[in-house]
Amino acid sequence: MIKKKGGHNYLHPELIGDLVHKLNGTIIECCTAYGGQRQDPKLHWKAIEDHGFKAMAPCDII
């Protein structure tokens, strides 16, 4: 597994990728109320891309 910058408590694409593809799913995220990269939508999109979700499936931030 490739070490990523930032938090490590997320569902890794290697774990959920097959299920997301089988369901033709979309990754849905929401910004956080606490400080960090996922508090700002622009930086949150970078985190989504850095963690490999954007390459796996359509993504959206609510």
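I started with T32: leaving aside its neighbours within four places in sequence, it is in contact with R38 and Q39 (contact means heavy atoms within 4.5 Å). Before going on, I noted that this is a predicted model, where local features need pLDDT of at least 70, side-chain atom pairs count only at pLDDT 80 or more, and totals for chains, interfaces and linings use all residues. I also jotted down that residues are numbered from 1 along each chain as its sequence is written, and that side-chain values use heavy atoms, with hydrogens and water left out.

Next I looked up where T32 sits: in the loop between β1 (27-29) and α2 (41-50). Helices (H or I, at least four residues) and strands (E, at least two) are DSSP runs, numbered from the N terminus.

Is T32 buried or exposed? T32 counts as buried because its relative accessibility is 11%, and buried means under 20% relative accessible area, exposed over 50%, partly exposed in between (1.4 Å probe, protein chains only). I also found that its side chain reaches the backbone oxygen of Y34 at 3.1 Å.

Then I zoomed out. I got three helices and two strands, in the order α-β-α-α-β along the sequence. Of the 62 residues, 29% count as buried.

The C-alpha trace spans about 35 × 25 × 15 Å along its principal axes.

Conventions:
Polar contact = N/O pair within 3.5 Å; in protein donor to acceptor, adjacent residues only side chain to side chain.
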